[in-house]
Amino acid sequence: MKFHMRAVAVSAAAFAFGLFLAASPAAAECDPDTALFEDDFAFEDLSWEYGDNFYVEDGKAVIKEYAGVVNFQTQNEGANVCVDMTIEDVSDVPGSAIGLVFWWQDWDNFYEMFYWADGWLEVRRFIKGKKVTILSEESLALKKGAGATNHVEIDLGQKDATLYINGTEIGRFKGKQPKDGGVVGLYGASSADQPATFSFDNLIVSDTE
């Protein structure tokens with residue numbers, strides 16, 4: 001997947017999904033005490049499918065170049081999802097992004113939140129393999145540059161979701177979770193033939209009640 005083509009404003013399709021933008025402080029609500037799933041990546045938890053491009057190293061989950069993985073223990077019908085995400089190293093900044101997958105049914109039908117080291121972010125939906133951009137913007141809430149860690153939170157309802165970056169609300173949008181609840185996953189992708197390293201830590205998927 002290539003990331004060179006990026007919109008310069010919110011896609012018109014976003015309004016069809018009921019996007020509401022905001023930029024106000026908010027406290028993270030992911031609670032380890034009510035966690036449906038929690039992983040600090042201190043070791044390789046067998047609930048993940050590890051491989052050459054996705055593995056645990058130095059207390060973090062690492063993606064090299066390109067990988068998308070989901071964990072079926074994260075299945076939920078409404079949850080708070082939190083994770084620390086870092087673009088560790090990247091040679092092509094506008095072509096390489098780190099992402100969080102949610103409301104996943106299969107790799108043709110899912111939602112994702114991506115950001116790049118230059119401070120740009122997007123929320124997308126895939127429907128039968130076709131991409132729809134819900135939100136696309138440059139965000140001051142994102143810490144820029146390789147090595148910068150960003151705390152990402154998505155509060156998932158049954159019919160809408162709210163995205164936070166480092167405690168700042170970025171936007172709320174309507175969506176459609178899979179019939180039996182969605183699955184959460186991790187994603188990293190570099191442009192073709194360009195090296196990149198992405199890492200994840202402190203993943204919590206907690207009950208909203």
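Now colour by secondary structure, with helices (H or I, at least four residues) and strands (E, at least two) taken as DSSP runs numbered from the N terminus. C30 sits in the loop between β1 (20-21) and β2 (35-39), while C82 belongs to strand β6 (residues 79-90); the pair links distant parts of the chain, 52 residues apart.

Is C30 buried or exposed? C30 counts as buried because its relative accessibility is 16%, and C82 is buried too, with a relative accessible area of 3%. Here buried means under 20% relative accessible area, exposed over 50% and partly exposed in between, using a 1.4 Å probe and protein chains only.

A word on the model before moving on: it is predicted, so local features need pLDDT of at least 70 and side-chain atom pairs count only at pLDDT 80 or more, whereas totals for chains, interfaces and linings use all residues. Residues are numbered from 1 along each chain as its sequence is written, and side-chain values use heavy atoms, leaving out hydrogens and water.

Next, show the aromatic side chains. The structure holds 15 aromatic pairs; rings of Phe, Tyr and Trp (its six-membered ring) pair if their centres lie within 6.5 Å, and planes under 30 degrees apart count as stacked, over 60 as edge-to-face and the rest as tilted. Pick F41 and W48: their ring centres are 6.0 Å apart and their planes at 40°, so this pair is tilted. F41 counts as buried at 0% relative accessibility, as does W48 at 5%. Then pick F102 and W103, another tilted pair, because the centres are 5.6 Å apart and the planes at 55°. Both F102 and W103 are buried.

Last stop: the largest pocket, with about 200 Å³ of space. Its lining includes W103, F110, F126, R125 and K176. By class, the lining has six nonpolar, three polar and three charged residues. Highlight β7 (97-106), β8 (109-116) and β9 (120-127), each of which supplies at least two lining residues.

Key: On a 1 Å grid over the protein atoms alone, a cavity is a set of points where a 1.4 Å probe fits but cannot get out, and a pocket is an open set with protein on both sides within 12 Å along at least five of seven lines; lining residues have an atom within 4 Å of a point. Grid points are joined across faces, edges and corners, and a volume is the space filled by probe spheres set on the points. Ala, Val, Leu, Ile, Met, Phe, Trp, Tyr, Cys and Pro count as nonpolar, Asp, Glu, Lys and Arg as charged, and the others, Gly among them, as polar.
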